[in-house]
Amino acid sequence: MNELDSIGKKHGTDKVHHGYMVFYTRNFEKYKNKKLNLLEIGVYRGASLKTWEEYFPNGSIFGIDDGTLSSKDSIIGLTSGRIKTFIADQKNRQQLESAISGIDGLDIIIDDGLHFQEHQQVSIGFLFKYLKNGGLYIIEDLYPRVYNRGWGITTQACITTNVLEEFRSIKKINSPYINEEEKSYMEKNIDQIDIHYISEESIIAFIKKIP
Ligand SMILES: C[S@@+](CC[C@H](N)C(=O)[O-])C[C@H]1O[C@@H](n2cnc3c(N)ncnc32)[C@H](O)[C@@H]1O
């Protein structure tokens, strides 16, 4: 078992069960002892924030959650040590902006929030410019390219996985949820996208910004 699997298991994050830790390890090793700023969308009970706090001994760990699954008080109550949490809806650009306004650049952003396509795309469209050059933007629990789970299909038409795959082939961001300015910024600043298809329920993308 690798280090992130064992720290993640101790704190109870489902990233272990999804099989994501091997990919996190591959991408995060170079940051291990760096003084870094990491933001995760989707806090729940804080398991992943505690995992990152333990793995990155010099990291500042920020979390955003709108309080859908845990109360807003319990989200804010997770602020301690090197962890700081904020209440914000990941689909609301103004709320995202006020949450991260005091942070001096982000090295890593992880989206483990609602996993709806619009939410994922609004968040990356808005937040990508706050990522430092060479930084990593990660989206967990992407939908398969052909969506066949049956629920939410009418509002889930534009699948994030396809937006990312299309960028890989034609270098264009084609999304109804990302505005023109954001699209152009992403097209100029995405260096590389790796998508790992572990299973239908476990698809994760690592999007690297140009150094
Ligand atoms: C899968 S849980 C996060 C788990 C956590 N990252 C971990 O590994 O321990 C998803 C979280 O996203 C939050 N969420 C749902 N909709 C959201 C939204 N629109 N904006 C921000 N967070 C949202 C939920 O309240 C929930 O706590």
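Contact here means heavy atoms within 4.5 Å. By that criterion, Leu 4, Asp 5 and Gly 8 in helix 1 meet Met 21, Tyr 24 and Thr 25 in helix 3. Helices (H or I, at least four residues) and strands (E, at least two) are DSSP runs, numbered from the N terminus. This is a predicted model, in which local features need pLDDT of at least 70 and side-chain atom pairs count only at pLDDT 80 or more, while totals for chains, interfaces and linings use all residues. Residues are numbered from 1 along each chain as its sequence is written, and side-chain values use heavy atoms, with hydrogens and water left out.

- The axes of helix 1 and helix 3 (residues 21–28) come within 8 Å and cross at roughly 120°; axes are lines fitted to C-alpha atoms, for helices over the stretch in contact, and angles run from 0 to 180 degrees between N-to-C directions.
- Helix 1 and helix 3 are therefore oblique to each other; angles under 35 degrees count as roughly parallel, over 145 as roughly antiparallel, 65 to 115 as roughly perpendicular and the rest as oblique.
- The crossing of helix 1 and helix 3 is right-handed, meaning that the near helix is turned clockwise from the far one by less than a right angle, with anticlockwise giving left-handed.
- The contact of helix 1 with helix 3 has three nonpolar, two polar and one charged residues, where Ala, Val, Leu, Ile, Met, Phe, Trp, Tyr, Cys and Pro count as nonpolar, Asp, Glu, Lys and Arg as charged, and the others, Gly among them, as polar.
- Helix 1 (residues 3–11) also packs with helix 4 (residues 47–55), at an angle of about 135° and with the axes 9 Å apart, which makes helix 1 oblique to helix 4.
- On the helix 1 side this contact includes Glu 3, Ile 7 and His 11, and on the helix 4 side it includes Ala 47, Trp 52 and Tyr 55.
- The crossing of helix 1 and helix 4 is right-handed.

**Helix 6 with helix 7**

- Helix 6 (residues 93–100) and helix 7 (residues 117–127) have axes that come within 10 Å and cross at roughly 50°, which makes helix 6 oblique to helix 7.
- Arg 93, Leu 96, Glu 97 and Ile 100 of helix 6 make the contact with Val 122, Ser 123, Phe 126 and Leu 127 of helix 7.
- By class, the residues of the contact of helix 6 with helix 7 are five nonpolar, one polar and two charged.

**Nonpolar cores**

- A nonpolar core is a set of buried Ala, Val, Leu, Ile, Met, Phe, Trp, Tyr and Cys residues joined through side-chain atoms within 4.5 Å; buried means under 20% relative accessible area, exposed over 50%, partly exposed in between (1.4 Å probe, protein chains only).
- The largest such core has 35 residues, and Leu 127, Tyr 137 and Ile 207 have the most contacts inside it.
- Helix 7 gives the most to this core, with four residues.
- A second, separate core of 25 residues includes Leu 4, Leu 36, Tyr 55 and Leu 78.

**Individual residues**

- Lys 183 lies in helix 9 (residues 180–189) and is buried, with a relative accessible area of 12%.
- Not counting residues up to four places away in sequence, Lys 183 touches Ile 173, Ser 175 and Ile 178.
- Tyr 44 is in the loop between strand 1 (37–41) and helix 4, has a positive phi near 50°, and is partly exposed at 40% relative accessibility.
- Lys 171, in the loop between helix 8 (160–170) and helix 9, has a positive phi near 60°.
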